[in-house]
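Please look through the structure below before reading on. The paragraphs after it go from single elements to single residues.

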Amino acid sequence: MSRRKPLFPGRRFSIARFIAFLVAVALIAGGVWAWLVYTRTSSKKLPAPWFGGYADVTSTPSYTFESDVGDVYKNVVLGFITAPSGCTPSWGGYYSMDDAASQLDMDSRIARTARSGRTVTISFGGQQGHELASQCSTAQDLQSAYDAVISRYHVSSIDFDIEESNLDGYSDAATRRAQAVAALQSKAEQSGASLTVGLTLPVGTDGLTDAGKQTVESFLDAGVNLGSLNVMAMDFNVPSTTTDQATLIKQALNAVHNQYRSMLYSRGKLFNDTQIWEMMGVTVLIGQNDTDGEYLTLDDAQQVNTFALQANLGRVSMWSLNRDQQCGENASVTSTQTACSGMKQTSGEFATILGSGFHGTPGTIVNMNTTWERNGSDYPTWDAATTYAKGSKVVWDNKIYEALQQNTGVQPDSTANGVDSPWRLIGPTS
């Protein structure tokens with residue numbers, strides 16, 4: 001019987017070569033794994049999207065925020081710290097922090113909430129009263145007042161709800177506020193801690209007001225690492241029988257996204273389109289709004305949640321947890337109630353719908369000085385005859401765009417912004 005010719009004449013099996021081969025495979029696999037781990041942890045350092053309902057701690061009847069259980073109550077935003085007279089923090093203008101401890105059991109309730117693994121955010125400002133920045137004469141005094149609150153309640157997340165007379169653009173008070181917050185963040189960083197900051201502002205369907213934009217700019221120019229630009233999308237003065245509120249909220253968010261992108265880009269902060277969504281948030285007013293005939297329904301809440309998840313919105317909040325229940329038979333449903341929504345619902349239903357799918361906490365600091373994208377010198381100029389696959393990047397009008405879906409002949413800057421666009425703007429070419 002003849003012997004079969006070897007497949008590789010002149011080569012014999014070598015244990016040494018085989019071991020070397022296995023080592024090489026292991027090194028390659030290890031290198032690939034290390035690269036995947038590195039890119040997952042280093043390429044995107046933004047907060048995980050989170051939901052947190054506001055609780056009005058001075059309203060009657062009292063709301064037991066410390067007793068909430070379930071995923072949607074993982075985060076709670078407590079309002080509001082104001083300054084009725086002088087540079088002294090108080091809850092709602094009624095209770096000093098000592099009074100709140102004795103009469104509202106505030107220190108103990110916040111501590112119990114934190115011990116249960118939930119995150120407490122303290123909100124300064126609100127619709128009524130004076131914000132501390134208007135009462136403290138220097139940035140240093142203001143920093144001390146903010147710090148007194150942060151230190152007393154041992155929180156690492158704060159929120160600034162700036163509206164009504166406190167929203168006065170690039171004023172001295174706004175400058176003091178921004179400088180004090182930047183100093184607080186720097187102090188926390190030097191001690192090895194962190195301080196997450198949210199800025200909450202009123203909005204219309206056309207976006208932020210001029211005063212609102214200037215307030216954002218004051219934070220950016222002072223060097224604040226702003227965790228979320230959160231907009232109060234409510235009270236549009238449009239009857240809900242004419243336009244449902246979810247539609248108005250989406251319009252407002254898209255408008256603010258454009259404004260925020262412009263503010264960031266003009267300062268060389270080249271976050272891409274998705275990352276800007278991740279640094280934004282929305283607060284809705286559940287049920288009956290302050291205008292007769294305007295309300296946010298459970299269906300509206302579902303639409304807001306869907307949009308937020310699709311756009312990867314960084315934060316969703318609602319006013320308020322106190323109101324997330326059906327009113328009694330004798331309560332008016334044509335005006336805003338402090339303890340019920342004015343809608344037919346089960347208790348906690350708005351929070352459950354709005355918070356579905358959100359698992360993060362406001363605990364990651366956004367480095368506003370980080371640039372994620374390079375310039376567009378290596379990308380081709382958009383061409384109407386070319387078919388672009390999803391993920392393709394082009395340059396058009398000195399801006400970089402990325403295709404969200406395959407398309408041909410769709411000019412990058414000709415479509416509506418948001419999740420339905422076939423293109424997303426990444427940033428300027430330089």
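How many residues has helix 8, and how far does helix 8 reach from its first C-alpha to its last? Helix 8 has 21 residues and reaches 30 Å between those two atoms, close to the 30 Å expected at 1.5 Å a residue. The expected span is 1.5 Å times one less than the number of residues in the helix. Helices (H or I, at least four residues) and strands (E, at least two) are DSSP runs, numbered from the N terminus.

This is a predicted model, in which local features need pLDDT of at least 70 and side-chain atom pairs count only at pLDDT 80 or more, while totals for chains, interfaces and linings use all residues. Residues are numbered from 1 along each chain as its sequence is written, and side-chain values use heavy atoms, with hydrogens and water left out.

The protein's secondary structure comes to 11 helices and 17 strands. Of its 430 residues, 49% count as buried; buried means under 20% relative accessible area, exposed over 50%, and partly exposed in between (1.4 Å probe, protein chains only). Among contacts between residues at least 6 apart in sequence, 72% join residues at least 24 apart. Contact here means heavy atoms within 4.5 Å.

Helix 8 covers residues 245–265. Because 16 of its 21 residues are buried, helix 8 is largely enclosed by the rest of the structure. Two packed helices are described by the angle between their axes and the distance between the axes. For helix 7 and helix 8 the angle is about 35 degrees and the axes are 11 Å apart. Axes are lines fitted to C-alpha atoms, for helices over the stretch in contact, and angles run from 0 to 180 degrees between N-to-C directions. From helix 7, K213, V216, E217 and L220 meet Q259, Y260, M263 and L264 of helix 8. The residues of this contact divide into five nonpolar, one polar and two charged.

Helix 6 spans residues 172–190. Its 19 residues should span 27 Å at 1.5 Å a residue, and the end C-alpha atoms are 27 Å apart, which agrees. Among the buried residues of helix 6 are A173, R176, V181 and L184. What do the buried residues of helix 6 pack against? Their partners are helix 4 (132–135), helix 5 (139–153), strand 6 (157–161), strand 7 (196–202) and helix 7 (210–222). Just after helix 6, G192 takes a positive phi of about 85 degrees.

Strand 9 (residues 280–285) has six of its six residues buried, so it is largely enclosed by the rest of the structure. In a regular strand the side chains alternate between the two faces of the sheet. In strand 9, M280, V282 and V284 point one way, while G281, T283 and L285 point the other way. Strands pair if DSSP finds at least two bridges between them. Strand 9 pairs in the parallel sense with strand 8 (residues 226–232) over four bridges, and N230 has G281 as its bridge partner. Five bridges join strand 9 to strand 12 (residues 315–319), also running parallel, where V284 stands opposite M318.

Two single residues remain. R315 lies in strand 12 and is buried, with a relative accessible area of 1%. Leaving aside neighbours within four places in sequence, R315 contacts residues including W50, D159, N230 and G281. D141, in helix 5, is partly exposed at 37%. With the neighbours within four places set aside, D141 is in contact with C87 and C136. C87 and D141 are 54 residues apart in sequence and 7.5 Å apart in space, C-alpha to C-alpha.

Key
Ala, Val, Leu, Ile, Met, Phe, Trp, Tyr, Cys and Pro count as nonpolar, Asp, Glu, Lys and Arg as charged, and the others, Gly among them, as polar.
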